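Open the model in your viewer and keep the selection tool at hand. The tour below goes stop by stop.

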Amino acid sequence: MGHLNRVMGSAPGGGPASAPGTPATFCGRTAGHGAAYIPPSSRGRSLHPQSPYHPIPTSHLHLLILLIYSNFRDLVMALNLLVAVPLALVAILLWKIVPVFVRIYTSPLRHLPGPPNPSWFWGQFKVIFNSDHGVPQEKWLAEYGQTITYQGMFGGRRLYTHDERAMNHILTHSNDFPKPEVTRYNLTAVLGAGVLVTEGEQHRQQRRIMNPAFGPAQIRELTGIFLEKAMKLRDHWQLTIDRNGGPTRIDVLFGLGRMTLDVIGLAGFNYEFDALADGKPNELNNAFKTIFQGDTQLPILNMLRMFVPPLRIIPTSRSLKTAAAMKVMRRIGMELIAEKKAAILSEKTQGADVEKKNVQGRDLLSLLIKANMSTDIPESQRLSDADVLAQVPTFIVAGHETTSTGVTWTLFALTQAPHVQTKLRNELLTVRTDMPSMDELNALPYLDMVVREVLRIHAPVASTIRVAAKNDEIPCAKPYTDRYGVQRDTIRIQKGDMVMIPIQAMNRDKTFWGEDSFEFKPERWENIPEAAHGLPGVWGHIMSFIGGPRACIGYRFSLIEMKALIFTLVRAFEYELAVDPKDVTKKSSIVQRPLILTEVEAGSQMPLIVKPYRAADSEDRV
Ligand code: HEM
């Protein structure tokens, strides 16, 4: 307004500083243009603007010209915008989508053998989605060989190989094969930039600080928590059985899920979720549930938001709810961090400096904060509070349902192999205490074999995915035959191609495990086939925790937690499946939860008949 007033004021012949009735928006918007424009016809005129000889007063003429001129400019600008915005959107879409289509026809993966593409839009997505996990891929491998390709949505190519050397290359070159952007977006939306999501230097830095908290000495300290919580679950089931007056159908998945949540709360942050205490409200638990409940609204928009990043700025009811729940999570997380920092600082003021190698304590977060504050970590290598905070939901998500589904499938497997259940219980009953140490648990050979076999055959995380960050040539252990009948010993891959990490399928592949690879046989661990030694898993020659720099950081934690649970629950009870085994299937999301085909509406569950174990009852069966 002031700017325009100056122009008006400087107009020859003067005139009112502000024309009455001039719309404010006009004044505001045209100030820039009006300042430069002085019509030549007005220059040097001395007639009073209100003179009757002027049909239109000069200043009004200026105004009119300005109005027409600026409206014209506005119109042009509006038209520009109308054209520019859709053009920009089309450009972004082309920038994202064209390479996807180009890649289909240029990717060297097209030379690999594999099934024909049933639909350019869905690719094999529907076939895979409507089958049990990994089953179509296992069929294709049998038909086309160990290294194949198939197409996903919009024809995107995926490399699918069981070649152990190729898989080792992919897992160990984690910078060249990171998680795809969509996966990272989905995880970041709910976890923040925790170790599960970050890549490159940020990931290396986080792992370096976090690794000591997951070492054997630290897990030894946590064994008591695992056993205490396992006993709480045992007592809970016993109470249910007592109330029913005998063997009772119990959904073991539910109780185990709550137990492992309580464990990660206490062992992870020294926080009491009290999930096993029925009905007790808990702010963090509620926030967690909100974040991980399934999508109920606008699934199309939610899906589009994943693939078209600009749409992510449009809020949906789901994104708003998630944001509110994350705020709660962040607040509680920050309180926990502040508490722990204060405790460590007071420890420091009372004694010597904290040193990374001396880090001891009970919960993972305290250990992580201690390691981060230790004097032998250079300032530049320390994690920010935001980085530390992001590990809170990361631990909860990564460390809770994975272990509970692992133990759920163990109990299921034991119902299907009663002789294994009995043999295992007999071994566990040789221990004279309810509270064995980590070393005592690890000294039970049959328990160890059962855990290995369950994690092999019922891997809680059935598969994961990576994307090639650059063109690469992947070496193979065994040559394969390409589409043209030529033998090859490397796989060429192009930047942007997806790579499947077939965890469960490699764990059950006959090439590594022999003809009985699909059977649950703990005894196989007395002497596993030589071929299995080549699998690039971080633990036990299986892929369940994958391998390389992105292998599961919590595998020691989960193994001892699983052992503590199985130890306590198999000593106390006998288990039978409450439904027909043919009705038990796996519902694959991130973890493989059980689903009963005749009771789909009940959601994931594992109904078992649970009966207190009494030595005399079972003597005839031993
Ligand atoms: C039976 C139990 C478990 C299984 C089968 C399992 C499996 C896995 C798998 C397959 C990955 C790799 C995911 C990917 O990169 O796509 C992973 C990563 C991870 N897991 Fe586990 N996990 C288990 C328990 C735990 C526990 C108890 C914790 C923590 C207390 C944990 C913490 C993590 C973290 C932080 C990562 C990310 C590591 C990184 O990217 O550097 N996991 N886990």
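How many residues surround the ligand, and which are the closest? The shell around the ligand has 22 residues, and the closest are G399, T402, T464, C552 and G554. A residue is near a molecule if its C-beta atom, placed from the backbone, lies within 6 Å of it. Two elements give two or more residues to this shell: helix 15 (385–416) and helix 21 (555–572). Helix 15 gives the largest share, 7 residues. By class, the shell has 11 nonpolar, 9 polar and 2 charged residues. Here Ala, Val, Leu, Ile, Met, Phe, Trp, Tyr, Cys and Pro count as nonpolar, Asp, Glu, Lys and Arg as charged, and the others, Gly among them, as polar.

Two notes before the next stop. Residues are numbered from 1 along each chain as its sequence is written. The model is predicted: local features need pLDDT of at least 70, side-chain atom pairs count only at pLDDT 80 or more, and totals for chains, interfaces and linings use all residues.

**The whole chain**

Show the protein chain as a cartoon: its secondary structure comes to 22 helices and 11 strands. Helices (H or I, at least four residues) and strands (E, at least two) are DSSP runs, numbered from the N terminus. Of the 622 residues in the protein chain, 38% are buried. A residue is buried if 20 or more other C-beta atoms lie within 10 Å of its own, exposed if 12 or fewer, and partly exposed in between, with C-beta atoms placed from the backbone.

**Helix 9 and helix 21**

Next select helix 9 (residues 216–244) together with helix 21; their axes come within 8 Å and cross at roughly 30°. Axes are lines fitted to C-alpha atoms, for helices over the stretch in contact, and angles run from 0 to 180 degrees between N-to-C directions. Among the residues that meet here are F226 and L227 in helix 9, and F557 and I560 in helix 21. This contact divides into 13 nonpolar, 2 polar and 3 charged residues. Two residues are in contact if their C-beta atoms, placed from the backbone, lie within 7 Å.

**Helix 16 and helix 18**

Now select helix 16 (residues 418–428) and helix 18 (residues 445–457), which pack at an angle of about 140° with their axes 8 Å apart. The two helices are therefore oblique to each other. Angles under 35 degrees count as roughly parallel, over 145 as roughly antiparallel, 65 to 115 as roughly perpendicular and the rest as oblique. V420, K423, L424, E427 and L428 in helix 16 meet Y446, L447 and V450 in helix 18. These contact residues divide into 6 nonpolar, no polar and 2 charged.

**Single residues**

Select N270, in the loop between helix 10 (252–269) and helix 11 (283–292). Its phi is near 60°, a positive value in a residue other than glycine. Most residues other than glycine have a negative phi. N270 counts as partly exposed because it has 18 C-beta neighbours inside 10 Å.

Then go to I546, in the loop between helix 20 (510–513) and helix 21. The phi of I546 is also positive, near 45°. Is I546 buried or exposed? I546 is buried, because 23 other C-beta atoms lie within 10 Å.

The last stop is K478, in strand 5 (residues 472–481). Leaving aside its neighbours within four places in sequence, K478 is in contact with Q146 and D163. K478 is partly exposed, with 14 other C-beta atoms within 10 Å.
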